[in-house]
Amino acid sequence: MSEPLQVIVDPAAAGTPASAPPAAVALLRERHGDGVRALMENRGQFRVLVERGQAAEAIRFLRDDPRLRFTFLVDVTAIDFHPATPRFRVTWVLRSYHTKETLVLQADVPEDDPSVPSMTHLFPGADWLERECFDMFGIRFTGHPDLRRILLPDVFPGHPLRKDYPMAGIMTDQEWAEHIVSRAQREEGHD
Amino acid sequence: MTPPESAAAENVLETRTAPVAATPDMVSRGFDPASGHMLLNMGPSHPSTHGVLRILLEMDGEKIVRCEPDVGYLHRGMEKVAEVYGYNKFIPYTDRFDYLAPISNNVAVATAAEKVCGIELPPRAKALRVIASELGRISAHLLGVGAFAMDIGAMSVFLYCFRERESIYNYMEALTGARFTVSWTRVGGLSRDVPPGWLDSVKRFVDGLPKRVERDIEELLTTNPIWVDRLSGVGVIPKDVAVGYGLTGPALRGSGVEWDLRKESPYLGYEQYDFDVPVGEHGDAYDRYLVRVEELKQSCRIILQAIAKLPDGPIDVQDHKLRLPQKRSVLTSMEELIHQFMVVSEGPELATGERYFGAENPKGELGFYVASDGTGKPRRMRVRGPSFTNLSCLPYVLKDAMLADVVAILASLDFVMGECDR
């Protein structure tokens, strides 16, 4: 068992009474050691930053351990810290109906290789959530059975929730119409 | 409750990932002579899809072999809008998530932003938010049940439900100035207090509502043999599947999981109110209907309690970096003028921090992952729409269902595409 991790308290929660990390954090450290990179807190809600290669294993452990039973994957999303590096932080929100705790797991993902392991083999609900995250950020969930766009059309250029994607889009309406038409023609073999 | 076994979870997965339209014949003709399967396109503007949901069905006669939902027709880039506009200017957009209960969305997003910084609302603001949010739930469930009945063919229930919803629209108009797109909350408070006499008329309305629900909905439906035959045993979602797919709200409780965020992680002082969480037994469409009707009555109980002990006092936090100062002091004092200018132009500034907050909305858990970077605009405002995750179980529930039951199953899940596609 290594040294207890320093809890980094959010500036937004500075000065609030410190709460003890949930049992899940100690158990995770016991199993993954240095794979658990940091521990952050915002008024009793803890975020565990793990090595991305170990995220799947950590989440499987959290789900299956009889003391924890984080059987509910609430959300999968990412945060873009552009232009900082590593650029993305993929975020899983897990909940246990057993201990009634909510735990946030995060993993840093660099821009040149934006991939994390998929959780679809653990939670069937991860399917759509990961597809949306891929759609919006271009994060590749390796092992996902059918990773394609879900909300945006297949022909959409780029990933709009990235910070370098402009609010107005990267195409004018005219360009967008031409883009769709030319693509449709290509598919039908008119080109 | 027990965690789903790995094997069970993997079984669920198999039913889910089977692709529709695999063979060339299926793609070009919509019919595969080898298997005899036919491809059927439902939506995106089918009356039973309550919006713009498209479902691709692979049929073996009347039976569904596989299905592939296609969502996103109503995507408006809400999360990007939040990053560019900031917290308060985002609130009108939240009206368009679950547009059957816009006020509940307003309450949820404002509370989520406040939770990041631990902004503590005055008690009156909390109680008013509870009243408004439960009115939203009543309005959404009335439409959920009414449209459900209409999809099955019971037109009168729909009309009775809309009569009640009309009253709620009138209360919304009196409270916020708008019937539909209310935009009522602000980070750190409310845009306005209740008008004189409003609470009394809401009280009268809510007092009589459970009786009217019994008379106009339950007596017509609950023991009606047609209704029961059409719904019981249809669209069964077992407990572990419901949890695995991340179902929330009445869809989860209908499957027998007793989980309501208002009880399990209370916000806005929900712990002060006495109410029951209805839970289904079989996880079928009929149970989901029963759960919704019971929640209607429980919301009435909450509103009556909240009105009875509604405290006096301010409706805003007394921090002018968050909420607008009084107009009189803006006109006379330099500092207040600056505050007003900053709150309006830059938005209320929240310190750096991240937090997930989930609110129990009519359709399920409306979650916000707010990552604040110390400015008036969030670095990331993730919106977890309950309809999105609730719909993700469609390939599971529609498998092996009859085509005629699709309408019943869709209506029993009670989704809103505005929230699914965001």
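Let's start with the second largest pocket: strand 3 (45-50) and strand 6 (102-109) of chain A, along with helix 5, helix 12 (261-264) and strand 7 (353-361) of chain B, each give at least two residues to its lining. Helices (H or I, at least four residues) and strands (E, at least two) are DSSP runs numbered from the N terminus. This is a predicted model, with pLDDT of at least 70 needed for local features and 80 or more for side-chain atom pairs, while totals for chains, interfaces and linings use all residues. Residues are numbered from 1 along each chain as written, chains are lettered from A and ligands numbered from 1 in written order, and side-chain values use heavy atoms, without hydrogens and water.

Back to our pocket (on a 1 Å grid over protein atoms alone, an open set of points where a 1.4 Å probe fits, with protein on both sides within 12 Å along at least five of seven lines; lining residues have an atom within 4 Å of a point). Its volume, the space filled by probe spheres set on the points, is about 720 Å³. Of its 34 lining residues, Lys115(B), Ser265(B), Pro266(B), Arg355(B) and Phe357(B) are the closest to the centre. Strand 7 of chain B supplies the largest share, four residues. The lining splits into 13 nonpolar, nine polar and twelve charged residues; Ala, Val, Leu, Ile, Met, Phe, Trp, Tyr, Cys and Pro count as nonpolar, Asp, Glu, Lys and Arg as charged, the others, including Gly, as polar.

And the largest pocket? That one holds about 1,200 Å³. Its 50 lining residues include Ile150(A), Leu151(A), Leu152(A), Pro153(A) and Asp154(A), the closest to its centre. By class we have 29 nonpolar, seven polar and 14 charged. Helix 3 (126-137) and helix 4 (173-188) of chain A are among the elements that each supply at least two lining residues, and so are strand 3 (54-60) and strand 4 (63-70) of chain B.

Now, helix packing in chain B. Helix 8 (residues 198-221) of chain B meets helix 13 (residues 285-308) of chain B at about 160 degrees, axes 9 Å apart. The two are therefore roughly antiparallel (over 145 degrees, on a scale from 0 to 180 between N-to-C directions, with axes fitted to C-alpha atoms over the stretch in contact). In contact (heavy atoms within 4.5 Å) are, among them, Leu199(B), Val202(B) and Val206(B) of helix 8 of chain B and Tyr289(B), Val293(B) and Leu296(B) of helix 13 of chain B. The contact residues are 15 nonpolar, no polar and five charged.

Note on methods. Parallel < 35°, antiparallel > 145°, perpendicular 65-115°, else oblique.
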